[in-house]
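Look through the sequence and the model first.

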Amino acid sequence: MAVFYDTHAHLDYPDFAADFDQVIERANTAGITRMISIGTDLDSSRRAIQLAEKFPCIYAVVGWHPSDVLRAPNDIRDALRELGRHSKVVALGETGLDCHRLPSEKPEFTAVDDAQYKTKQAALFLQHLEVAAELKLNCVIHQRDALEDTLSQLQPYADRVRGVFHCFANDSATMKRIVEMNSLVSFTGIATFKNGQNVRDTIAATPLGQFMLETDCPYLAPVPYRGKRCEPAYVKEISEVVAQVKGCSLEELSSATCATAHTFFPKLNV
Ligand SMILES: [Zn+2]
Ligand SMILES: [Zn+2]
């Protein structure tokens, strides 16, 4: 059976609390042998580490999600340094910039909050990059409606820190700019959606060796589970569509995406 990794999952979310052991068992049965649980704040990062300590097949990424920065401390570098040194922490993140939904869309916030939100996202993204460079780790990058700013913030670090632009849904020209910065992309279940042709076009243009697979679970369940809770086992459904789009076998896709993951996350032990 072709083996795959779920390189971006939120296993610490309450969505998985009731049947966690079965979720992991179903993943292993489906050939998903490694899962990376991504932190979205410091508590979530600590929970990801706890899961990684308990389950050999789980690894952790620690950081603070850009959509949630307003309640973050101003400086999380010491915490990132401490958590990032754990043997099963394979990268920092998810971090980056997200201007898809601004605070002022809610009545209790104003344009002043929007400005503060953007400033703080940029400050925290920079802190992740700084600490990643120090610890020689890479970054899991979340970017939405903020591509140019994200690329220009990453650029000065590109010789030391690689980014994976996760849940990648931009065009192939953008993918090429990212690859030229020595970074890469990863694809989710959107690849299987009926209206996901733009993502399939980008996958077709992305060379094997420049991308990884992920679920971003509990979100974005692939067809035929669309709309339900997503879980790591569904990387299998994603891999089948991606192999079809790439015109390669599942075995070729497996060895390319797993090798890419081991290079990008060097602490993801063989
Ligand atoms: Zn994300
Ligand atoms: Zn995520």
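Q: How many bridges join S3 to strand S4 (residues 89–98), and in which sense do they run?
A: The model is predicted: local features need pLDDT of at least 70, side-chain atom pairs count only at pLDDT 80 or more, and totals for chains, interfaces and linings use all residues. Residues are numbered from 1 along each chain as its sequence is written, chains are lettered from A and ligands numbered from 1 in the order in which they are written, and side-chain values use heavy atoms, with hydrogens and water left out. Strands (E, at least two residues) and helices (H or I, at least four) are DSSP runs numbered from the N terminus, and two strands pair if DSSP finds at least two bridges between them. S3 and S4 run parallel, and the number of bridges joining them is 3.

Q: In S4, which residue is the bridge partner of Ala-60?
A: Val-61 has Ala-91 as its bridge partner in S4. For Ala-60, the bridge partner in S4 is Val-89.

Q: Is S3 (residues 58–62) mostly covered or mostly open, and how many of its residues are buried?
A: Buried means under 20% relative accessible area, exposed over 50%, partly exposed in between (1.4 Å probe, protein chains only). In a regular strand the side chains alternate between the two faces of the sheet. On one side of S3 lie Ile-58, Ala-60 and Val-62, on the other Tyr-59 and Val-61, and all are buried. S3 is mostly covered, and its buried count is 5 of 5.

Q: How many residues of S4 are buried?
A: S4 is largely enclosed by the rest of the structure. Its buried residues number 10 of 10.

Q: Which residue in S3 stands opposite Met-35?
A: Strand S2 (residues 32–38) and S3 run parallel, joined by 4 bridges. With helix H2 (residues 42–54) between them in the list, S2 and S3 make a right-handed β-α-β unit; right-handed means that, with the strands pointing away from the viewer, the path from the first strand over the helix to the second runs clockwise. The residue opposite Met-35 is Ile-58.

Q: What is the order of the strands in the open sheet?
A: The sheet has 8 strands, and the pairing is parallel. Its edge strands, S1 (4–9) and S8 (211–213), each pair on one side only. The order is S1-S2-S3-S4-S5-S6-S7-S8.

Q: Which residues have the most contacts inside the largest nonpolar core?
A: A nonpolar core is a set of buried Ala, Val, Leu, Ile, Met, Phe, Trp, Tyr and Cys residues joined through side-chain atoms within 4.5 Å. The largest one has 75 residues, and its largest share, 8 residues, comes from helix H4 (residues 111–135). Apart from it lies another core of 16 residues, including Tyr-5 and Val-140. In the largest core, the residues with the most contacts are Leu-11 and Ile-58.

Q: How far apart do the zinc ion (ligand 1) and the zinc ion (ligand 2) lie?
A: The two ions are bridged by Glu-94. They lie apart by 3.4 Å.

Q: What is the relative accessible area of Leu-70?
A: Leu-70 lies in the loop between S3 and helix H3 (77–84). Contact means heavy atoms within 4.5 Å; leaving out residues up to four places away in sequence, Leu-70 touches Pro-103, Phe-109, Gln-116, Tyr-117 and Lys-120. Leu-70 is partly exposed, with a value of 32%.

Conventions. Donors are N, O and S atoms within 2.8 Å of the metal (3.2 Å for Na, K and Ca); water is not among the atoms, so sites may look incomplete.
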